[in-house]
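Please read each point alongside the coordinates.

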Amino acid sequence: MSRPPWGLLAALAALFIPALGSRFYTFVATDVAIMALFAVSLNLLLGYGGLVSFGHAAYFGIGAYACGILMKYHAVPFALALPAAGLIAGAFAAFFGFFCVRLTKIYFAMLTLAFAQIVWAICFKWNSVTGGEQGMPEIPYPDLGWAARLPGLGTYRAGDHFYMLTVALVAACLWLLRRVVRSPFGRLLTTIRENPERAEFIGVNVRRHELIAFVIAGLFAGIAGGLFGIFNRGVFPDFAYWPKSSEVLIMTILGGTGYFYGPAIGALVLLVLNQQITSYTQYWPFILGTLLIILLFAFPGGIVGALSRLGSRLGRARRA
Amino acid sequence: MLEVRGVRKAFDGFQAVAGVDLTVGKGSICAIIGPNGAGKTTVFNLITGHLRPDAGSVTLNGREITGLPPHEICRLKIARSFQRTNIFPRLTVFQNIQAAFLSHRGHGLNLFGNVERYYRAETETLLGSIRLSEKAHEISGFLSHGNQKQLELGLALASEPELLLLDEPTAGMSATETHETIALIERIARDHGLTLLFTEHDMEVVFSIAQTIVVLHQGRVIAGGTPAEVRANPEVQRVYLGERGR
């Protein structure tokens with residue numbers, strides 16, 4: 001049974017958001033697209049590898065600083081700076097991950113947090129490179145003049161062009177990640193989640209496998225960070241701080257760790273709710289907390305898990 | 001084929017295995033028996049690298065494998081099943097076996113192939129030989145205990161082992177399940193020319209299929225030989241068979 005290519009359809013639909021003409025919608029959509037990539041990258045560890053990282057923001061932050069520094073101080077074009085941000089974040093993930101995968105469960109989680117706090121502290125204090133507490137404002141926008149010359153895109157603003165580029169890049173990254181989770185590597189990663197002891201005795205080198213997953217997750221988090229720094233017109237130490245790690249963890253769990261696109265849906269719902277609810281009340285964190293409690297007890301599979309169960313129940317009802 | 005020489009292992013001062021020697025010849029079926037806590041599972045874990053011996057050596061076909069990590073040992077044509085059922089519970093039966101093929105045939109680092117295309121035929125064939133074809137697409141964690149044990153055997157067989165270690169293959173099974181499982185193991189061992197080393201609490205099973213038996217007691221080998229020799233050994237009767245008779 002072949003299912004409709006939801007990811008592709010969603011990406012195509014997303015490209016039309018600027019056509020609605022609202023600067024605000026495009027702004028929120030850019031945020032969602034970038035955070036969706038960040039959350040899906042985390043889910044490679046959480047949902048597929050069973051590894052809880054409390055410090056995924058480190059790689060997001062490293063990617064953001066790497067891309068920002070390259071573009072702002074070294075005038076590196078975006079087309080090189082963004083892949084470099086991914087590679088640099090991946091390299092840090094390889095170094096930190098080397099130690100993290102030697103631990104399991106809560107100790108693994110604590111060590112990821114410890115490394116992330118170190119990254120944050122360095123970003124916060126190393127004034128000459130990262131701008132310290134003040135961060136690094138005015139990251140230049142990539143030159144998207146070529147986009148305005150494409151047929152049909154001339155009337156859009158630069159922010160719209162950047163949004164479309166972001167959607168295309170995020171879609172490409174998600175496609176790659178999807179290949180990875182559906183590969184033999186990805187399948188063996190799930191055996192580690194299920195039973196690391198047994199995985200080892202069907203011949204899986206568990207630590208090496210986990211480390212590779214950690215590097216891939218870090219790399220894509222770095223790309224998300226690079227995009228976010230440009231979108232945000234500045235990079236700040238907060239990007240690597242622990243609330244950012246927990247935000248992405250909440251998105252992932254909210255959407256559903258058992259589904260590839262679950263975390264992306266989580267990012268969409270969390271960011272849109274945040275926008276909507278903060279315009280009515282200042283008690284957003286209170287509402288978020290309540291939502292999470294309801295979700296964890298009533299829908300442990302996340303939003304996508306609940307929808308898919310509803311879908312299969314409806315399907316059964318129709319057949320009966 | 002497998003030589004264990006003087007292996008010792010202590011846990012917090014408790015001497016679980018106190019110098020065990022063991023030889024398993026190619027193509028033979030060998031059982032390790034002994035009362036609870038005799039050190040049977042620990043000996044298995046020392047052979048398969050899950051534990052590192054304090055002293056002694058393990059050699060396989062003349063190659064020293066003492067202290068290698070499990071994932072390397074299981075590339076050397078050794079496979080094992082575990083006493084506590086040890087499968088990948090949220091994957092389907094098919095995916096369990098397929099994963100074992102993927103790993104053993106060296107596809108662990110293949111990041112971009114489509115997993116659905118790999119080892120379909122091999123997996124189907126193996127599922128047939130362990131009699132799980134009909135349950136191929138069920139979630140393995142929901143299978144009956146007996147079926148899960150069969151699946152574990154399948155995970156071990158997917159590596160095309162020469163030496164198969166089975167830790168209590170019939171633990172927790174009903175009499176019928178035990179009977180069927182033993183028949184299955186015997187047939188598979190014969191068909192594949194496997195060397196089999198197993199632990200078992202059911203004496204009927206042990207004496208019906210084992211060619212040699214090693215008796216462990218308090219971490220030491222107290223007897224070994226053919227079933228007839230072991231049965232006649234007064235020491236064995238005293239510590240083990242006798243205890244059961246009381």
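1. Two strands are taken to pair if DSSP finds at least two bridges between them, and helices (H or I, at least four residues) and strands (E, at least two) are DSSP runs numbered from the N terminus. In chain B, 4 strands form an open sheet in the order β2-β1-β4-β5, with antiparallel pairing. Because β2 (14–24) and β5 (63–64) of chain B each have a single partner strand, they stand at the edges, and one side of each is left without a neighbour in the sheet. Strand β1 (residues 2–11) of chain B is joined to β2(B) by 8 bridges, the two running antiparallel, and B:Phe11 has B:Phe14 in β2(B) as its bridge partner.

2. On provenance, this is a predicted model, in which local features need pLDDT of at least 70 and side-chain atom pairs count only at pLDDT 80 or more, while totals for chains, interfaces and linings use all residues. Residues are numbered from 1 along each chain as its sequence is written, and chains are lettered from A and ligands numbered from 1 in the order in which they are written.

3. The helix that accompanies this sheet is α1(B), which lies across β1, β2 and β4 (55–60) of chain B and runs at about 65° to β2(B); axes here are lines fitted to C-alpha atoms, for helices over the stretch in contact, and angles run from 0 to 180 degrees between N-to-C directions. Helix α1 (residues 40–47) of chain B is mostly covered, with 7 of its 8 residues buried, where buried requires 20 or more other C-beta atoms within 10 Å of the residue's own, exposed 12 or fewer, and partly exposed a count in between, with C-beta atoms placed from the backbone. Among the buried residues of α1(B) are B:Val43, B:Phe44, B:Leu46 and B:Ile47. After α1(B) comes B:Gly49, which has a positive phi near 85°.

4. Strand β9 (residues 212–217) of chain B is largely enclosed by the rest of the structure, because 6 of its 6 residues are buried. B:Thr212, B:Val214 and B:Leu216 point one way from β9(B), whereas B:Ile213, B:Val215 and B:His217 point the other way. Strand β3 (residues 29–33) of chain B runs parallel to β9(B) and is joined to it by 4 bridges, while β9(B) and strand β10 (residues 220–225) of chain B pair in the antiparallel sense over 5 bridges. The hairpin of β9(B) and β10(B) has 2 residues between the strands, and B:Gln218 takes a positive phi near 50° there.

5. In chain A, helix α8 (residues 158–181) and helix α11 (residues 206–231) pack at an angle of about 175°, with their axes 11 Å apart. That makes α8(A) roughly antiparallel to α11(A), a label given to angles over 145 degrees, with those under 35 roughly parallel, 65 to 115 roughly perpendicular and the rest oblique.

6. Which elements give two or more residues to the side of chain B that touches chain A? Overall, 30 residues of chain B are in contact with 22 residues of chain A, contact meaning that the C-beta atoms, placed from the backbone, lie within 7 Å. The elements in question are α2 (70–73) and α3 (93–104) of chain B, and α3(B) gives the most, with 6 residues.

7. For chain B as a whole, the secondary structure comes to 9 helices and 10 strands, and buried residues make up 44% of its 246 residues. The C-alpha trace of chain B spans about 60 × 40 × 35 Å along its principal axes.

Key
Contact = placed C-beta atoms within 7 Å.
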